[in-house]
Amino acid sequence: MNWSLLFSSSIGKKIVMALTGIFLVVFLVVHCYVNANIFFANAEENFNRAAHFMGSNLLVRITEIGLFAGFILHIVQGYKLELQNRGSRKTRYAVTAGNKTSKWYSRSMAILGTLILLFLIIHLAHFWVPSRFGGLEEVYYGDKKFHNLYLEMKNIFAEPWVVIVYLLGCFSLSWHLLHGVQSAAQTLGWTNKNFFPMIKTIGIVFSILVPLIFALMPLAMYFGLQLDLENITLLF
Amino acid sequence: MQHYSMNLKLKVWRQKNSNDNGHFENYDVNNISSEMSFLEMIDVLNERLISEGSDSIAFDHDCREGICGMCSMVINGQPHGPWKGTTTCQLHMRAFKDGDQITIEPFRANAFPVVKDLMVNRSAFDRIIQSGGYVSVNTGNAVDGNSLPIEKQHADDAFYAAACIGCGACVAACKNASAMLFVSAKVSHLALLPQGEPERKQRVVSMVAQMDKEGFGSCTNTYACEAECPKEISVLNIARLNREYLNANLSGN
């Protein structure tokens with residue numbers, strides 16, 4: 001394969017967008033699964049142990065580098081494509097009657113992506129920076145020391161405006177995914193007559209379900225809600 | 001169907017040549033029959049303009065039966081106007097009512113520069129075809145039907161893709177002025193048939209490279225192209241184009 005085509009040709013750039021997009025979707029699933037510990041009994045210890053695993057496991061840490069690379073590629077290629085696409089019609093139409101085939105969010109991927117990027121910066125500053133570079137309180141389970149990321153979450157989500165910002169982030173993510181999942185499948189050529197409706201449905205279910213679970217997290221923290229299910233732990 | 005006459009207010013893009021900035025001009029056209037085609041309505045206006053000694057409105061047209069792909073123009077924001085699966089020449093005035101205001105613009109894309117008024121230069125499409133949209137095997141005379149067995153599904157899909165008349169409505173409708181539906185139809189048509197097999201990989205790589213060179217945007221899968229295509233080419237061809245492109249590049253030549 002002529003790899004440079006992945007970065008220079010229009011379809012190549014789209015393939016990079018689709019592959020990194022799918023990688024980021026997988027990350028969302030893992031992130032959602034780990035964090036879902038906070039909904040259940042013994043939340044503090046289970047969540048802190050899970051977070052500790054994610055922070056200390058070598059394989060996870062290596063994947064984290066890939067994750068950052070994935071984010072950067074997705075963001076840079078996304079903006080490059082957006083600029084190129086916007087520049088391909090210098091004289092605009094006086095009247096546009098189209099847009100019947102697509103929803104507003106399908107045509108606003110760059111804006112939604114920018115909102116998610118802004119959210120991501122806030123989110124990293126809230127949780128990733130203190131857990132990597134210090135600043136978290138510590139807690140002992142048995143004789144082993146853990147970062148108390150759970151306490152950090154509780155403190156941060158005590159502020160109503162932070163909860164609102166996170167909810168807006170989840171909405172942006174949901175809309176971005178509503179277009180992104182089916183679009184990635186189409187770009188990678190996975191769609192055909194039989195698959196297309198199924199892929200669209202899977203995309204819609206995923207795009208609503210995952211951001212909804214994420215959105216429930218700051219809400220659960222703010223309102224102090226927890227499910228009283230003793231036996232469920234999503235521990236590693 | 002009831003025949004009726006109508007008076008219309010037209011707002012038409014006038015542009016002297018490719019260097020002119022262009023502007024809209026308003027025209028009142030009266031006593032237009034509902035049985036006229038859209039182009040005939042412009043013919044009527046042009047005859048009046050000529051008799052008044054002014055410059056007639058330039059627009060592309062050829063067969064006027066919906067198969068050549070020459071007619072273009074964007075009517076009230078829709079390439080080829082409001083009817084689904086119809087070219088401008090087959091759009092009839094019964095699509096409009098008395099007193100309607102109709103805005104007529106040329107197809108707009110950097111890759112389709114305006115030549116004059118509503119005429120755009122679509123030779124970018126010709127260059128894409130020249131870069132690979134052909135078969136080099138000498139096919140000789142027409143062979144007997146069914147002497148070369150082709151799977152029914154492939155034959156059908158190739159036929160539907162080959163229905164593309166290369167009018168450029170997909171580019172005009174796309175928010176990115178992308179030519180992906182056109183290129184995907186041409187690539188699909190040949191990739192699905194045994195005659196297209198020898199150049200299958202080189203074709204898709206060359207045609208996409210030429211498409212990029214012409215300055216078309218890329219596809220963001222909003223599917224406006226499929227909705228406006230007068231031949232209703234499916235966006236599933238775009239998925240096939242992506243597949244062909246990936247396969248060609250992964251397996252090398």
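Me: Which residues do ring pairs link into a cluster in chain A?
Reply: In this predicted model, ring pairs join A:Trp104, A:Tyr105, A:Phe171 and A:Trp175 into a cluster.

Me: How are A:Trp104 and A:Tyr105 arranged as a pair?
Reply: A:Trp104 and A:Tyr105 pair edge-to-face, with 5.9 Å from centre to centre and 75° between the planes. The pair counts as edge-to-face because its planes are over 60 degrees apart.

Me: Is A:Tyr105 buried or exposed?
Reply: A:Tyr105 is buried, at a relative accessible area of 15%.

Me: And what does A:Trp104 count as?
Reply: A:Trp104 is partly exposed, with 41% relative accessibility.

Me: Which residue does A:Phe196 pair with?
Reply: A:Phe196 forms an aromatic pair with B:Tyr223. The pair is edge-to-face, at 6.1 Å centre to centre and 80° between the planes.

Me: Where do those two sit?
Reply: The pair crosses between chains. A:Phe196 belongs to helix α8 (residues 195–223) of chain A, and B:Tyr223 lies in the loop between α6 (200–213) and α7 (224–228) of chain B.

Me: Buried or exposed, A:Phe196 and B:Tyr223?
Reply: A:Phe196 is buried, and B:Tyr223 is buried as well.

Me: How many aromatic pairs over all chains?
Reply: The structure has 20 aromatic pairs over all chains.

Me: New topic, charges. Which ring does the charged end of B:Arg108 sit over?
Reply: The charged end of B:Arg108 sits over the ring of B:Trp13, 4.2 Å from the ring centre.

Me: What about B:Lys11?
Reply: B:Lys11 has its charged end over the ring of B:Phe24, 4.9 Å from that ring's centre.

Terms used:
Residues are numbered from 1 along each chain as its sequence is written. Chains are lettered from A and ligands numbered from 1 in the order in which they are written. This is a predicted model: local features need pLDDT of at least 70, side-chain atom pairs count only at pLDDT 80 or more; totals for chains, interfaces and linings use all residues. Side-chain values use heavy atoms; hydrogens and water are left out. Rings of Phe, Tyr and Trp (its six-membered ring) pair if their centres lie within 6.5 Å; planes under 30 degrees apart count as stacked, over 60 as edge-to-face and the rest as tilted. Buried means under 20% relative accessible area, exposed over 50%, partly exposed in between (1.4 Å probe, protein chains only). Helices (H or I, at least four residues) and strands (E, at least two) are DSSP runs, numbered from the N terminus. A charge sits over a ring if NZ of Lys or CZ of Arg is within 6 Å of the ring centre and within 35 degrees of the ring normal.
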